[in-house]
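The exercises below ask you to read a model closely, and each task is followed by a solution that goes step by step. Please look at the sequence and the structure before you turn to the solutions.

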Amino acid sequence: MSCQTTQEFIHAYVDGELDLARTLEVEQHMQECQACANAYRSQTALRSALKESSLYQSAPARLEKRIRSSLRREAKSEVGRRLFGWRWLPVGVSLAFVLLMAFVIWRAAPGLRRSGDEIVAQEIVSNHVRSLQLESHRADVISSDQHTVKPWFDGKLDFAPPVRDFASQGFPLIGGRLEYLDNRSVAALIYQRQKHYINLYIWPVDQSNAGGEIATKRQGYNLLHWTSSGMTYWTVSDLNGVELHEFARLVQEAQ
Amino acid sequence: MPGQNKLASFETAVLPHLDAAYNLARWLTRNDADAEDVVQEAYLRAFRFFGGFHGEDGRAWLLGIVRNTSYTWMQRNRSPELNMALDDETHEPESHDLNPEALLVQKADAQMLRQAVEELPLEFREVLVLRELDEMSYKQIAVVADLPLGTVMSRLARARRRLQQILAGHTQTEVLS
């Protein structure tokens, strides 16, 4: 073994990490070479000096305490995380689902109400058309006198519809009849504007449902709908929207 | 593993190596307070990774975490030491006649040795500390320092040579003054 190879292996030799064959070669070389033997002594001297110098730095006692308490905190929060993560997961999911459903229903509710109105609007258009198909259908009580029409409803309905004649404003009252709409008996008043007939349907509703005027158009008929003073009003006609609106305004102002 | 059981088995397996952990952190950071912080953080990390520990060499496993935590800490604190990358391929001029240095080592006292080790570049210091103070095998050092086995050997050789050079410098100044 050359000096260079020996120098290369001398550290592994000192550290006891050299295999047996090389260990023997290194030892044999050092017996013959003073320089390499010195290098070896130099290394062992350094090693023992390092050992004797008590360079080892032991942990201060307070560090162990500190670590123990931080580990306990960590263990607790791990348990907490796990409990929250698994035991409460179904609860969290259920809660989220309930909230989601509540939100969906809340969002859908105006739509449901609207679709309720849609059904009524359809009923009203059909009722209006049917009332005009035969003259005998137009009114059960034919009178332009509101004081005749209004008492006629007495005993036929569980409410007293407001009845007014607007002949002086160009909307004469023709008469009244009973109708069955939205699952209840309602008052129907019929008015005329030149050659156009106007039906006005009235029935009581929950006070809280008070709402502004809504205008729609169906099968060429104009519809206006509003609620006030605990009554809901639907008016329908083939009259143009502006004049129907004028009529609705008269009804509203008369209340 | 339920929390209390995990904590108990962790403490049994890993807490006995606290001195080794502190020793390494102290030599890497070269500061008492920093070493304590690093060791505490390393223990928390070790606790979190404890599920991946299967009862091999607990000390080497922990020291690997301590070393990584120390490096992270030094990065965070922008230690200039980290920028001095070592090239394991370059070889310093070999001095075959180490006889005078051997004599100098004998003269060097503990204080001088401590200072010399602290002056070693980080990569040399860590392998030297693991070998000489923790008396780890090359294989264990390879695990802790994340190095190939051959590199452990050559680094250790260079670390010792450098240490002897530093000591030679110190003893000479001492003689002159």
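Of the 255 residues of chain A, 27% count as buried, where buried stands for 20 or more other C-beta atoms within 10 Å of the residue's own, exposed for 12 or fewer and partly exposed for what lies in between, with C-beta atoms placed from the backbone. The model is predicted, and local features need pLDDT of at least 70 and side-chain atom pairs pLDDT 80 or more, whereas totals for chains, interfaces and linings use all residues. Residues are numbered from 1 along each chain as its sequence is written, while chains are lettered from A and ligands numbered from 1 in the order in which they are written.

**Exercise 1. Work out the strand order of the sheet in chain A and find its edges.**

Begin with the inventory: chain A has 8 helices and 7 strands, which are DSSP runs numbered from the N terminus (helices H or I, at least four residues; strands E, at least two). The open sheet of 7 strands then reads β1-β2-β3-β4-β7-β6-β5 in chain A, with antiparallel pairing, and two strands pair if DSSP finds at least two bridges between them. At the edges stand β1 (141-142) and β5 (211-218) of chain A, each with a single partner strand, so one side of each has no neighbour in the sheet.

Next, follow two of the pairings. Strands β2 (173-181) and β3 (184-193) of chain A run antiparallel over 8 bridges, and L173(A) stands opposite Y191(A) in β3(A). Between β5(A) and β6(A), also antiparallel, there are 6 bridges, with G211(A) partnered by T227(A) in β6(A). These two strands, β5(A) and β6(A), form a hairpin with 2 residues between them, and Q219(A) in the turn has a positive phi of about 50°.

**Exercise 2. Decide which side of helix α6 of chain B is buried and which is exposed.**

Start from the buried residues of α6 (110-119) of chain B, namely L113(B), A116(B) and V117(B). They cover an arc of only 100° around the axis, and are therefore on the same side of α6(B); the arc is that of the directions from the helix axis to the C-beta atoms. The face turned away from the buried side of α6(B) carries the exposed residues Q111(B) and E118(B).

**Exercise 3. Describe what chain A brings to its contact with chain B.**

The contact takes 36 residues from chain A and 41 residues from chain B. On the side of chain A, α4(A) gives the most, with 12 residues.

Conventions. Contact = placed C-beta atoms within 7 Å.
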